[in-house]
Amino acid sequence: MADNALSESLEIVVERIGNPAPQIYERMFKRSPELESMFVLDRDGSVRAEMIRLSFDALLDLEQDGQYARGLIATELTTHGNNGITPEQFVSLFDTIRDVVREIVAGQWQPRHEQAWNQVLSRVGDLVARD
């Protein structure tokens, strides 16, 4: 993933719309409505914002060597598991992020973006499966 296509796609998103968190959570709650009730106390959106920030940190790190992401994902998987989130639900957030990014990038989305995202999401799945 030497060309940093994943990070490039995120940069395009930020240039186009700024913060994609509202679209990501709207899509996630549409796919898994049961998750929305877990955010009832997040009235100011700070928990959601932190989750997206950490998710982006992990994705960007996995585009490189993944040293930071390995520990982060293991820790967050445990924390979320203690709150009733299944490994599949945990991974689905990353899939949702990719889908929203792809939609926003639209005509600028290239095969190298798809390849980079698929490689990183595969690494996420491998890390989750190991735990």
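At what angle do helix 4 and helix 6 pack, and how far apart are their axes? In this predicted model, helix 4, which spans residues 67–82, packs against helix 6, which spans residues 111–130, at an angle of about 55°, and their axes lie 10 Å apart. Because angles of 65 to 115 degrees count as roughly perpendicular and those under 35 degrees as roughly parallel, helix 4 is oblique to helix 6.

**Helix 4 and helix 6**

- The crossing that helix 4 makes with helix 6 is right-handed.
- On the side of helix 4, the residues in contact are Arg70, Ile73 and Leu77, and they meet Arg123, Val124, Leu127, Val128 and Arg130 of helix 6.
- Sorted by class, this contact of helix 4 with helix 6 comprises five nonpolar and three charged residues, with no polar residues.

**The largest pocket**

- The largest pocket holds about 510 Å³ of space, and among the 23 residues that line it, those closest to its centre are Phe39, Met51, Glu76, His80 and Ile85.
- Helix 3 contributes the most to the lining of the largest pocket, supplying six residues.
- By class, the lining of the largest pocket is made up of 15 nonpolar, five polar and three charged residues.

Notes
Residues numbered from 1 in each chain as written. Predicted model: local features only at pLDDT ≥ 70, side-chain atom pairs only at ≥ 80, totals over all residues. Heavy atoms only, no water. Axes fitted to C-alpha atoms, helices over the stretch in contact; angles between N-to-C directions. Helix = DSSP H or I, 4+ residues; strand = E, 2+ residues; numbered from the N terminus. Parallel < 35°, antiparallel > 145°, perpendicular 65-115°, else oblique. Left-handed = near helix turned anticlockwise from the far one by under 90°. Contact = heavy atoms within 4.5 Å. Nonpolar A, V, L, I, M, F, W, Y, C, P; charged D, E, K, R; others polar. 1 Å grid on protein atoms, 1.4 Å probe; cavity = no way out; pocket = protein on both sides within 12 Å on 5 of 7 lines; lining within 4 Å. Points joined across faces, edges and corners; volume = space filled by probe spheres on them.
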